[in-house]
Number of protein chains: 2
Amino acid sequence: MTGTIENQEFIQERNVHGEQAENKPARFPRVVIVGAGFGGLQAAKALGHAPVQLTVVDRNNYHLFQPLLYWVASAGLSPAEISMPIRHVLRRQKNTTVLMEEVTGVDLARQEVLLGERALPYDYLVLATGARDHYFNHPEWMEYAIGLKSIQEATDIRSRVLRAFELAELEPDPEKIGELLTFVLVGAGPTGVEMAGAIAELAHKSLAKDFRHIHPTSARVILVEAGPRILPTFPEKLSKKARKALNHLGVEVRTSSPVEQVDADGVMIGGKRIKSKTIIWSAGVAASPAGEWLGAKLDRGGRVLVSPDLTLPGRANVFVIGDTVSLMQDGKPLPGVAPVAMQQGRYVAALLKQRVTTGGPERPFHYVDKGNLATVGRSYAIVDIRGFALTGLLAWLLWLVIHIYYLIGFRNRLITLFQWSWTYFTFNRGARLITTKPD
Amino acid sequence: MTGTIENQEFIQERNVHGEQAENKPARFPRVVIVGAGFGGLQAAKALGHAPVQLTVVDRNNYHLFQPLLYWVASAGLSPAEISMPIRHVLRRQKNTTVLMEEVTGVDLARQEVLLGERALPYDYLVLATGARDHYFNHPEWMEYAIGLKSIQEATDIRSRVLRAFELAELEPDPEKIGELLTFVLVGAGPTGVEMAGAIAELAHKSLAKDFRHIHPTSARVILVEAGPRILPTFPEKLSKKARKALNHLGVEVRTSSPVEQVDADGVMIGGKRIKSKTIIWSAGVAASPAGEWLGAKLDRGGRVLVSPDLTLPGRANVFVIGDTVSLMQDGKPLPGVAPVAMQQGRYVAALLKQRVTTGGPERPFHYVDKGNLATVGRSYAIVDIRGFALTGLLAWLLWLVIHIYYLIGFRNRLITLFQWSWTYFTFNRGARLITTKPD
């Protein structure tokens with residue numbers, strides 16, 4: 001039974017046109033944004049006072065500040081500290097309705113977003129559905145190597161890592177203790193590097209004195225990377241410095257080491273097995289299924305190939321932004337990072353506003369790269385601002401200021417700052433809870 | 001394959017007798033505490049410098065500050081803010097080992113705590129395993145009426161309550177919206193009263209402006225109680241005042257209303273149905289299965305009937321404390337509250353210390369009742385200190401000071417205070433995450 005959501009129309013009519021008679025034909029264009037990540041939320045905020053009926057649909061009720069997810073996974077922050085309810089963020093926008101719903105498809109011909117058996121009509125559509133973990137041609141690895149894309153995955157990693165120490169404390173066999181205290185991270189992009197540093201500090205500092213039988217300081221944290229160097233999107237000099245900083249934290253880095261096998265006993269590299277009970281996947285992402293909904297041309301990672309104005313070729317009213325998109329600029333594909341998604345969200349919002357109001361000539365999207373950051377542990381970061389490099393504590397402070405600034409919500413910022421200061425000075429981690437059951 | 005945990009002995013030998021030769025017969029008595037709730041943790045802390053080998057076993061890796069669990073369930077605090085890793089709390093006690101394990105039984109004859117296929121020998125045993133929800137003769141109600149005893153249950157309630165509003169926002173049928181926005185709490189002890197006040201404030205204040213279609217302020221919060229008045233352990237005058245305060249918050253209170261039926265559509269009271277999709281169970285608890293492990297004499301709630309020194313009759317080296325125990329004092333059973341468990345934990349620790357050192361005459365346990373508190377919403381509480389009554393904001397401030405003081409860990413105290421201040425002044429709730437899937 002498919003039908004348009006009648007009350008949805010009603011909702012928006014009542015809010016946007018509260019003063020109008022019901023039978024008046026005039027209505028504002030309906031804009032639907034799917035996904036309230038960095039791109040979708042920026043677009044929604046920028047359309048807050050535009051003459052449109054805006055509906056934001058997300059499967060979750062919260063916006064997640066994903067760059068700090070590794071802090072949740074390493075027991076430094078609670079999920080609520082890096083999340084905000086979407087409808088609370090947008091509560092003051094009278095033209096905006098937020099729906100917590102799972103989108104199942106798009107009917108381009110009828111201009112409807114499909115929500116299971118129901119449908120949500122649109123005049124303009126913005127798809128900002130993000131990315132998911134990608135295990136290349138090995139979907140069976142997913143069972144053993146957990147990714148870090150959602151709160152669920154982050155608390156799962158947290159439970160697995162902490163439980164590994166608990167099980168090791170109960171284990172009489174030194175070899176098995178070794179397996180339990182070996183943590184393997186596959187993929188040395190920013191997520192892999194940051195997570196490796198965080199686990200190393202958790203083991204070697206935060207947990208150091210809490211056990212009687214095992215020595216958490218003996219835990220091995222191994223970061224494996226198929227490519228020749230870590231953090232390949234940074235200049236080579238910074239990669240080297242970051243690697244040194246990781247070694248300093250006790251992380252073993254193995255580059256040019258493609259993973260050949262992942263299973264319940266560990267990973268296989270160069271024909272050799274690394275025995276480990278905890279494997280974290282940070283090797284790659286693929287776009288969300290939005291491309292399939294659209295029947296669009298996709299790149300190898302499932303990303304939609306869009307026009308320079310971020311529309312779907314042939315559909316001037318359908319935009320795709322963020323990690324779901326493949327776009328070349330200056331001969332290189334734009335990276336799947338928050339600033340790209342945010343700038344795309346604001347660009348699309350401005351374009352839409354222009355179209356529904358004054359009209360006029362349109363410019364293609366152009367990404368302004370303000371720099372690239374990654375942290376290694378609690379006081380070291382590397383920063384690359386258009387070729388200008390910064391490393392060490394100063395870079396870390398810059399990272400801190402930027403991330404707190406962008407953490408949506410004043411309260412979250414203060415609590416996060418407080419937690420960070422606390423962790424920094426004491427190495428205590430406040431969220432050391434094992435809340436999920438083992439499989 | 002049952003065997004004693006050899007390495008367990010090894011662990012303690014190494015830590016407690018690090019300086020002794022391995023073949024020396026002397027060793028400190030082995031004390032095992034099962035459960036690190038209020039009672040168990042107090043006992044463990046009080047034995048920190050006693051000449052014993054102490055092992056604390058808990059199924060979780062954290063101590064939970066249960067009196068604030070309703071804050072998690074109502075999206076005001078994160079789980080980590082009311083929990084502390086047990087081994088971190090006890091990390092400075094050199095004589096103490098913490099094991100995260102599920103206890104499956106006790107072998108009194110062999111003096112062993114059973115952990116699945118393994119066994120942990122003891123010279124003295126302290127069982128502090130707490131209580132669980134009790135659905136009287138209706139275990140089938142458990143599926144529909146969720147209790148509030150664990151972090152899992154608290155985040156489940158949080159998800160259910162928040163999801164009810166999200167589903168209502170999508171629902172065109174006003175009758176179904178009404179069912180979704182009706183919250184029924186069964187049982188008007190402190191937990192039911194506090195949870196009812198918290199849900200009322202969440203709906204009527206925190207969420208008030210965040211929806212477009214529904215009016216969260218129209219949500220009904222119904223507190224039903226089989227007995228003639230709410231908070232029956234308080235003086236009647238205070239019950240009346242608390243009821244008035246609840247009404248003021250918009251909670252409907254129905255006393256003398258035993259629940260006859262609980263199912264997916266709501267509850268049945270006096271032959272009439274209250275349609276509701278969210279039912280919270282705060283009507284009763286029963287003791288943990290420790291009594292069954294011991295084959296002990298139990299009261300109707302499954303609590304172990306102990307001797308005046310809290311030992312199992314006939315077993316002078318087996319203590320049972322906290323919610324697992326039934327003990328009469330001045331003709332009344334002691335209530336199942338944190339202060340009773342904590343005093344019992346300290347009593348048992350003192351008795352044990354005396355027995356393994358100087359010896360001498362022993363006194364029976366005597367509970368010193370320092371008072372009884374319950375909150376109604378964000379600025380009202382009732383306090384009964386040995387007949388001296390206090391109500392209103394001042395009582396609430398007293399409650400606040402006491403609870404922050406007892407919240408273990410300096411960091412948690414500060415963050416909690418900050419969150420509370422924030423919630424108090426803004427009505428914003430920081431943990432509004434729906435993180436569990438619907439069934």
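This is a predicted model: local features need pLDDT of at least 70, side-chain atom pairs count only at pLDDT 80 or more; totals for chains, interfaces and linings use all residues.
Two strands count as paired here if DSSP finds at least two bridges between them.

Let's begin in chain A, with strand β28, residues 381-385. Who are its partners? On one side, β28(A) pairs with β29, residues 388-392 of chain A. Five bridges join them, and they run antiparallel. Find A:Ile382 and look across: A:Thr391 in β29(A) stands opposite. The two strands make a hairpin, with two residues between them. Look at A:Arg386 in that turn. Its phi is positive, about 45°.

Now the other partner. Strand β27, residues 372-375 of chain A, also pairs with β28(A), over four bridges. Again the sense is antiparallel. Here A:Leu373 has A:Val383 as its bridge partner.

Is β28(A) enclosed or open? Four of its five residues are buried, so the strand is largely enclosed by the rest of the structure.

Over to chain B. Three strands form an open sheet there, in the order β27-β28-β29, with antiparallel pairing. Which strands stand at the edges? They are β27 (372-375) and β29 (388-392) of chain B. Each has a single partner strand, so one side of each is left without a neighbour in the sheet. From one strand to the next, the twist averages 5°.

Take one pairing in detail. β27(B) and β28(B) are joined by four bridges and run antiparallel. B:Leu373 stands opposite B:Val383. α11 of chain B, residues 393-406, lies across β27, β28 and β29 of that chain. It runs at about 100° to β29(B).

Next, the nonpolar core. The largest one has 276 residues. Which members touch the most others? A:Val126 and B:Val126 do. In general, nonpolar side chains in soluble globular proteins tend to be buried together. Look around B:Val126, leaving aside neighbours within four places in sequence. Its contacts are B:Val31, B:Ile33, B:Gly40, B:Ala43, B:Phe319, B:Ile321 and B:Val348.

For contrast, go to a loop. B:Gly331 lies between β25 (328-329) and β26 (332-333) of chain B. Buried or exposed? B:Gly331 has 5 C-beta neighbours inside 10 Å, and the cut-off for exposed is 12 or fewer. So B:Gly331 counts as exposed. One distance to go with that: B:Gly331 and B:Asn247 are 84 residues apart along the chain, and their C-alpha atoms are separated by 34 Å.

Now domains, in chain A. The assignment gives two entries. Domain 1 is 3-20 + 27-59 + 101-133 + 286-356, and domain 2 is 139-283. Taken over C-alpha atoms, their centres are separated by 36 Å.

Last, where the chains meet. The contact takes 43 residues from chain A and 43 from chain B. On the chain A side, the elements giving two or more residues are α1 (6-16), β5 (83-85), α4 (86-89), β6 (96-100), α5 (151-170) and α12 (410-426). Which gives the most? α5(A) does, with six residues. And what is that side made of? It divides into 18 nonpolar, 13 polar and 12 charged residues.

That's the tour. Questions, please.

Terms used. Residues are numbered from 1 along each chain as its sequence is written. Chains are lettered from A and ligands numbered from 1 in the order in which they are written. A nonpolar core is a set of buried Ala, Val, Leu, Ile, Met, Phe, Trp, Tyr and Cys residues joined through C-beta atoms within 7 Å. A residue is buried if 20 or more other C-beta atoms lie within 10 Å of its own, exposed if 12 or fewer, and partly exposed in between; C-beta atoms are placed from the backbone. Two residues are in contact if their C-beta atoms, placed from the backbone, lie within 7 Å. Ala, Val, Leu, Ile, Met, Phe, Trp, Tyr, Cys and Pro count as nonpolar, Asp, Glu, Lys and Arg as charged, and the others, Gly among them, as polar. Domain bounds come from an automatic or database domain assignment. Axes are lines fitted to C-alpha atoms, for helices over the stretch in contact, and angles run from 0 to 180 degrees between N-to-C directions.
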